[in-house]
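Dear colleague,

Please find below the structure that I am handing over to you.

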Amino acid sequence: MLGDNGAGKSTFIKIIAGAHQQSEGTMKVDGEEVMFDSPRDALEKGIATVYQDLAVVPLMSVWRNFFLGQEPTRGWGPFQRVDQAKASAIAKEEMAKMGIDIRDTEQAVGTLSGGERQSVAIARAAYFGAKVLILDEPTSALGVKQSGVVLKYIVEARNRGLGVIFITHNPNHAYPVGDRFMVLNRGQSLGNWAKDEISQTELTQLMAGGAELEALQHELSQAVSAGDADEHLREVAEEVAEELHDIEEAAHHRPDSD
Ligand SMILES: Nc1ncnc2c1ncn2[C@@H]1O[C@H](COP(=O)(O)OP(=O)(O)OP(=O)(O)O)[C@@H](O)[C@H]1O
Ligand SMILES: [Mg+2]
């Protein structure tokens, strides 16, 4: 899912993740209408969310982060202990499935690279039975190489049968890994397309064209409403508004968009 700052991406996924409730519309999981009261409700349906900042605890070890309170135990009753050897082995194995070799699961997550940290959160969600994985801008703070690492995990997760909702500003990140694309703009969908219905260039134009024009329109309409615009500026403002309208219209009228 794509969209510029403030488009409503995070708000939308918070609804799917159970953090907010929608005021309109219906949401279905496996064909059944649902209304989540809390993130726990969403988790019970297999919907796991990885937030950019809250994904991991930097000072905690890799294996602790992997389990976060759900560690396997041994013994029983008052003799029950976290089975650290088992927890470490599982964490190492699950990370290996994502293609990451963690030498020492005792090392603090903070010592991993940004991309690897995201992957701990992704591997954890997959291990605990997530069916749908929501990633809110996992690549936004990363460089090109690290972003590539995260994109690779997204593909791995998809190959393991998870549905992945990947939120990003960047069409270059979305296009290579996505099957379907949805573009949000000011809280509204500009449309949603299967990969064979939209090219990377079109997706990029939709993002860039819309975003730039919108910023421009905002600037201009402020000047106009402040009353310090002359005739020419008002004309320009109208033209920009029209062009923006055209882009949105064009997006809506593509085949199969809604
Ligand atoms: N709790 C809230 N109360 C009122 N308005 C909010 C709230 N949360 C978000 N908004 C507004 O809703 C709009 C969409 O915000 P949202 O965080 O969903 O955008 P976004 O697409 O995720 O942007 P970004 O790319 O910057 O993360 C913004 O204009 C924001 O100011
Ligand atoms: Mg956001």
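**Domains, sheet and ligand shell**

The centres of domain 1 and domain 2, taken over C-alpha atoms, are separated by 36 Å. Please note that this is a predicted model. In the domain assignment of the protein chain, domain 1 covers residues 2–198 and domain 2 covers residues 210–257.

I turn next to a sheet. Three strands form an open sheet in the order S4-S7-S8, and their pairing is parallel. Strand S4 (47–51) and strand S8 (163–167) stand at its edges; each has a single partner strand, so one side of each is left without a neighbour in the sheet. On average, neighbouring strands of this sheet are turned by 15° against each other, direction ignored.

Between S4 and strand S7 (residues 132–136), the parallel pairing runs over five bridges. Threonine 49 has isoleucine 134 in S7 as its bridge partner. Helix H1 (residues 9–16) packs on the sheet and touches S4, S7 and S8. The direction of H1 makes about 155° with that of S7.

Helix H1 also matters for the description of ligand 1: with three residues, H1 gives the most to the shell around this ligand. Which residues surround ligand 1? They are Gly3, Asn5, Gly6, Ala7, Gly8, Lys9, Ser10 and Thr11. Sorted by class, this shell around ligand 1 holds six polar residues, one nonpolar residue and one charged residue.

With kind regards

Notes. Residues numbered from 1 in each chain as written. Chains lettered and ligands numbered in written order. Predicted model: local features only at pLDDT ≥ 70, side-chain atom pairs only at ≥ 80, totals over all residues. Pairing = 2+ DSSP bridges. Helix = DSSP H or I, 4+ residues; strand = E, 2+ residues; numbered from the N terminus. Axes fitted to C-alpha atoms, helices over the stretch in contact; angles between N-to-C directions. Contact = placed C-beta atoms within 7 Å. Near = placed C-beta within 6 Å. Nonpolar A, V, L, I, M, F, W, Y, C, P; charged D, E, K, R; others polar. Domains from an automatic or database assignment.
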